[in-house]
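Biologist: I am new to reading structures. Can you walk me through one feature at a time?
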Amino acid sequence: MSDTGVGVLLMTHEAVGQALISAARHVMPRLPLHVAAVEVPAHADPDIMRSLTAQHARELDSGHGVLVLADLYGATPCNIGLSLADLGVRIRCVSGLNLPMLLRVLNYPEKTLSELVEVAAAGGRGGIFIDHA
């Protein structure tokens with residue numbers, strides 16, 4: 001892992017974030033960016049989760065900001081991720097997290113935070129395939 005570059009924080013419901021990190025490590029055994037997951041339990045106190053998440057985000061930020069990848073827009077994990085900016089953490093957030101999105105971000109570790117937002121969105125959309133049945 002590099003000590004430079006954008007940190008990546010997955011904000012998800014239980015069991016989703018760690019599973020995606022494990023799947024990414026299956027494809028890329030050495031992740032080129034610092035990646036962590038905060039999985040929000042169903043009955044968690046949002047204020048406590050916000051404080052814990054801010055701590056994780058600050059640890060991930062090597063000075064280049066943190067890309068928050070959230071599983072579901074409008075849900076508690078995404079809302080907590082979005083609120084990190086109010087706590088002084090330099091973040092950008094993209095929702096609709098899927099494995100292609102995460103892998104695409106990890107393939108561009110040299111990109112800036114604002115560039116990775118676009119990379120993430122393109123990766124998530126590009127990973128969707130509809131058969132021609």
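Biologist: Which residues does Thr 12 touch, not counting residues up to four places away in sequence?

Modeller: Keep in mind that this is a predicted model. Contact means heavy atoms within 4.5 Å. Thr 12 touches Gly 17, Val 38, Glu 39, Val 40, Asp 71, Pro 77 and Leu 97.

Biologist: Is Thr 12 buried or exposed?

Modeller: Buried means under 20% relative accessible area. Thr 12 has 0% relative accessibility, so Thr 12 counts as buried.

Biologist: What does the side chain of Thr 12 reach at 3.0 Å?

Modeller: Look for a pair of N or O atoms within 3.5 Å. Here the side chain of Thr 12 reaches the backbone nitrogen of Gly 17, at 3.0 Å. Gly 17 is also among the residues that Thr 12 touches.

Biologist: In which strand is Thr 12 found?

Modeller: Thr 12 lies in strand β1. That strand spans residues 7-13, and six of its seven residues are buried.

Biologist: How many bridges join β1 to strand β2?

Modeller: Two strands pair if at least two bridges are found between them. β1 and β2 (residues 35-40) have six, and they run parallel.

Biologist: In what sense do β1 and strand β3 pair?

Modeller: The parallel sense, over five bridges. β3 covers residues 66-70. There, Leu 69 is the bridge partner of Leu 10.

Biologist: What do β1, helix α1 and β2 make?

Modeller: Follow the chain from strand to helix to strand. β1, α1 (residues 16-27) and β2 form a β-α-β unit, and the unit is right-handed.

Methods. Residues numbered from 1 in each chain as written. Predicted model: local features only at pLDDT ≥ 70, side-chain atom pairs only at ≥ 80, totals over all residues. Heavy atoms only, no water. Buried < 20%, exposed > 50% of the residue type's maximum accessible area, 1.4 Å probe, protein only. Helix = DSSP H or I, 4+ residues; strand = E, 2+ residues; numbered from the N terminus. Right-handed = clockwise from strand over helix to strand, strands pointing away. Polar contact = N/O pair within 3.5 Å; in protein donor to acceptor, adjacent residues only side chain to side chain.
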